[in-house]
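Open your viewer and get ready to select residues by chain and number. This tour goes stop by stop, saying what to pick and what is there.

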Amino acid sequence: MSINILTLRIQYEQDIVFSRQRARQISELIGFDLREQTSIATAVSEITRNAFSYAGKSDVYFLFDDKSSPPMFIIKVSDHGPGIKDVDSILSGRYSSKTGLGMGIVGSRRLMDYFKIESAPGLGTTVILGKILPKERKLDLKEEAARISKELVKKNPQDLYEEMRQQNQELLRSLDEIKKRQEDLVSLNKELEETNRGVVALYAELDERAEHLKTINEIKTKFLSNMSHEFKTPLNSILALSNLLIQEADGKLNDEQEKQVKYIRKSTEDLYELVNDLLDIAKVEAGKLTVKPSSFSIEQLFSTLKVMFKPLIITQTVNLVFQEPKGLPNLYTDEIKVSQILRNLISNAIKFTENGEIRITSQYEDNTERIIFSVKDTGIGIEEKYKTIIFEEFAQIDSDLQRKAKGTGLGLPLSKRLAELLGGSLWVDSIYGKGSVFYLNIPIIYKGPGSGTLQESSIFSKGDRSSEAGKFSEHNILIIDDQEISRYILQGVLNDLFPDYSVIQAKDGKDGLEKTEVIRPEVIFLDLIMPGLNGFDVLEKLKGNSYTSNIPVYIVTSKDLSAKDKDRLGNGPAGIISKNILSSSNALETLRVLIRI
Amino acid sequence: MEKIPILKMGKYLLVTIQVDMHDRLAMSLQDDLTEKIVLYNARGVLIDISSLEIVDSFIGRMLSNIASMSRILDAETVVVGMRPAVAITMVELGLDMKGVKTALNVDMGMKMLDIFTGKNDEQEKLNDHSEE
């Protein structure tokens with residue numbers, strides 16, 4: 001039976017020193033003389049060094065063996081290293097070591113009374129060293145072992161070092177951890193860099209897309225603008241022609257025919273309105289719509305709107321209430337546009353309210369110098385998800401009331417754009433099923449870009465010249481226009497207006513110039529957009545010829561003239577007449593004013 | 001990192017090993033000492049091991065290495081103060097420290113160094129005269 005005294009673990013190089021010190025201390029406590037103490041300590045040093053350098057970790061057991069005779073002090077060094085291939089060659093001294101003097105095992109064997117080595121490749125090595133106990137022993141070995149253990153605890157020279165070592169280990173561990181973190185950071189950083197590169201690439205792509213979208217939007221606006229003009233011309237013709245029919249200028253219509261023609265006119269008017277809305281949107285988008293501010297009061301505005309909407313309230317269940325504004329300052333902004341927005345909002349409210357009231361209020365914000373109009377209804381309300389959609393073009397929400405009410409889906413988007421044009425905003429509060437409140441917030445003084453140069457009004461004339469153009473001494477009027485319908489409508493109007501004159505038509509610019517030479521008309525009505533020689537060229541030629549330069553020329557066009565166009569026309573024309581005028585029911589009166597004889 | 005102090009004493013270096021050295025410490029002493037020999041142009045090294053309770057094969061080899069290296073650097077090494085028990089153990093262990101000169105104590109060691117280096121000094125003097 002063996003009696004354990006102490007077990008040590010060899011883990012670090014310093015442990016070799018510790019184990020040999022322990023070996024010396026224990027042998028001293030057992031009662032070995034100085035020489036033997038040194039021998040034992042040296043042997044332990046040799047064996048533990050071997051174990052440490054070949055296996056890394058090992059355990060050292062200090063024990064008594066009381067079975068052997070005589071009893072011995074045993075030191076067992078056991079590791080789980082690769083083992084020793086050829087124990088015999090080492091024991092016979094044929095092996096040469098790189099670390100010691102090749103004396104480790106052989107020397108230890110010589111230093112001790114008992115030496116045993118057990119080893120096999122892959123199974124680790126166990127070395128047992130034994131020293132016969134001194135004879136003058138008094139105590140029982142068990143008690144002896146206990147006593148030695150106690151004494152060793154007292155000596156404990158290792159505490160400080162142990163502590164330092166532990167701290168060192170901790171430091172190493174934290175260092176390892178830091179290193180690991182650093183590695184993590186590096187990899188994270190790398191990942192981030194990659195992501196960043198991706199983001200940059202995406203960003204560039206987005207940029208490209210945005211640019212592309214912008215171009216598309218511009219094309220769309222241009223298309224809308226152009227198409228609307230193209231639509232307007234035939235619409236004008238239809239309107240004018242149906243007017244002629246209704247006025248029974250060319251013979252009586254029977255009742256059914258009259259009804260049908262009136263439907264035609266109504267539908268055309270609706271379509272015309274739609275085209276106008278589209279055109280307005282296109283203009284706002286192209287930045288062509290200009291603000292013409294003027295001073296006006298809210299009372300004025302409200303009373304106009306009141307008159308306008310009274311006839312539209314057909315049901316008895318809906319009240320239209322304009323809350324009288326009190327002590328509000330006058331506005332200086334574009335009255336037509338404000339009124340257009342409010343009209344839109346009110347007509348929407350009427351459309352979607354079956355009973356209850358529609359209340360229009362105004363409120364002045366002192367600190368921001370803005371005015372907030374609100375149009376509150378008790379209608380169907382708007383679901384949360386539709387609140388942004390309604391401001392998008394052609395968006396209409398599916399509902400019973402919606403289906404009943406007609407609309408283009410352009411009212412709100414146009415209003416919103418107009419509000420923005422005036423430096424304001426338009427938004428909605430709504431509870432589904434309870435009603436909605438639309439708010440229009442605009443500054444009381446319009447501070448945007450200076451008052452518009454592009455006239456929205458369709459007609460403007462250079463007053464002096466048109467009056468100068470004055471009297472026709474002969475009796476010919478020439479119409480130069482490539483569109484037969486336009487010529488026909490204008491001729492009808494002119495025939496009514498100047499019954500004494502004969503109206504002659506030319507089908508294009510070249511024809512017009514030839515006819516001018518022949519008949520020398522008193523007045524020329526000239527279309528601008530024509531194939532071959534266009535209106536601008538014709539005008540230039542007429543003005544360049546001394547024979548024709550005095551003939552007043554009226555430009556008749558459906559085109560909205562740009563500043564460039566007007567520059568090109570210069571002082572040439574005696575006046576400009578919009579084709580829109582010709583299709584309105586009061587064309588005669590307007591023209592009578594414009595073209596004075 | 002702990003170190004074994006190396007003191008300069010005239011043309012000699014004095015090393016007193018007072019702790020039970022672990023192997024790395026022994027290696028670093030070997031390196032430090034060779035550096036110092038060159039730095040101070042030392043002619044001799046005295047290593048006092050009177051505090052050492054054991055000298056195992058590793059420390060033995062280290063002492064032997066120091067002696068060889070010093071000799072190549074033109075310095076003599078004397079190990080002094082070896083305990084009797086250590087001496088006995090070394091013999092039993094079979095350690096033969098080739099080329100390491102030993103002396104009983106520091107006094108004897110110094111005298112030994114004087115003798116070894118004295119010859120060289122005389123040689124130097126002779127060389128100096130011949131140059132004049």
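**Stop 1**

Select helix α15 of chain A, residues 535-544, and colour its buried residues: A:G535, A:F536, A:V538, A:L539 and A:L542. Look down the axis of α15(A): these buried residues fall within an arc of 160°, so they line one face of the helix. The arc is that of the directions from the helix axis to the C-beta atoms. Buried means under 20% relative accessible area, exposed over 50%, and partly exposed in between (1.4 Å probe, protein chains only). Helices (H or I, at least four residues) and strands (E, at least two) are DSSP runs, numbered from the N terminus.

A word on what you are viewing: this is a predicted model, in which local features need pLDDT of at least 70 and side-chain atom pairs count only at pLDDT 80 or more, while totals for chains, interfaces and linings use all residues. Residues are numbered from 1 along each chain as its sequence is written, chains are lettered from A and ligands numbered from 1 in the order in which they are written, and side-chain values use heavy atoms, leaving out hydrogens and water.

The face away from its buried side carries the exposed residues A:E540 and A:G544. What do the buried residues of α15(A) pack against? Show β14 (476-480), α14, β16, β17 (553-557) and α16 (563-569) of chain A: those are the partners. Contact means heavy atoms within 4.5 Å.

Next, pick A:N534. This residue caps the N-terminal end of α15(A), with a side-chain oxygen 3.0 Å from the backbone nitrogen of A:F536.

**Stop 2: salt bridges inside helices**

A salt bridge is a side-chain nitrogen of Lys or Arg within 4 Å of a carboxyl oxygen of Asp or Glu. Over all chains, the count by this rule is 27.

Select A:D270 and A:K266. They form a salt bridge, with the closest N and O atoms 3.0 Å apart. Both lie in helix α7 (residues 255-286) of chain A, 4 residues apart, about one turn of the helix. An α-helix has 3.6 residues a turn, so residues three or four places apart point the same way. A:D270 is partly exposed at 28% relative accessibility. A:K266 is also partly exposed, at 43%.

Move to helix α14 of chain A. A:E514 and A:K510 form a salt bridge there, at 3.7 Å between the closest N and O atoms. They too are 4 residues apart, about one helical turn. A:E514 is partly exposed, at 43%, whereas A:K510 is exposed, at 57%.

**Stop 3: a link within chain B**

Select B:K3 and B:D32. Their side chains meet in a salt bridge (3.5 Å, N to O). This pair links distant parts of the chain, 29 residues apart: B:K3 sits in the segment before β1 (6-9) of chain B, and B:D32 in helix α1 of chain B. Which of the two is buried, and which is exposed? B:K3 is exposed, at 52% relative accessibility. B:D32 is buried, at 15%.

**Stop 4: where the chains meet**

Show both chains. The contact takes 23 residues from chain B and 26 from chain A. Highlight B:R61, B:E92 and B:L93: they supply 26% of the area that chain B buries against chain A, more than any other three residues. Buried area is the accessible area (1.4 Å probe) that two parts lose on being put together, summed over both. Chain B and chain A bury about 2200 Å² between them, 52% of it on carbon and sulfur atoms.

There are 7 salt bridges between chain B and chain A. One to select is B:R24 with A:E13 (3.7 Å, N to O). On the side of chain B that touches chain A, α1 (23-40), α2 (57-72) and α3 (84-93) each give two or more residues. The largest share, 6 residues, comes from α3(B).

Then select A:R20, A:R49, B:D20, B:D23 and B:D56 together. These residues are linked in a network of salt bridges.

**Stop 5**

Most residues other than glycine have a negative phi. Select A:E369, in the loop between β9 (356-365) and β10 (370-376) of chain A. Its phi is positive, about 55°, although it is not a glycine. Finish at A:R520, in the loop between α14 (509-519) and β16 (523-527) of chain A. A:R520 has a positive phi of about 40° and is not a glycine.

Technical notes: Polar contact = N/O pair within 3.5 Å; in protein donor to acceptor, adjacent residues only side chain to side chain.
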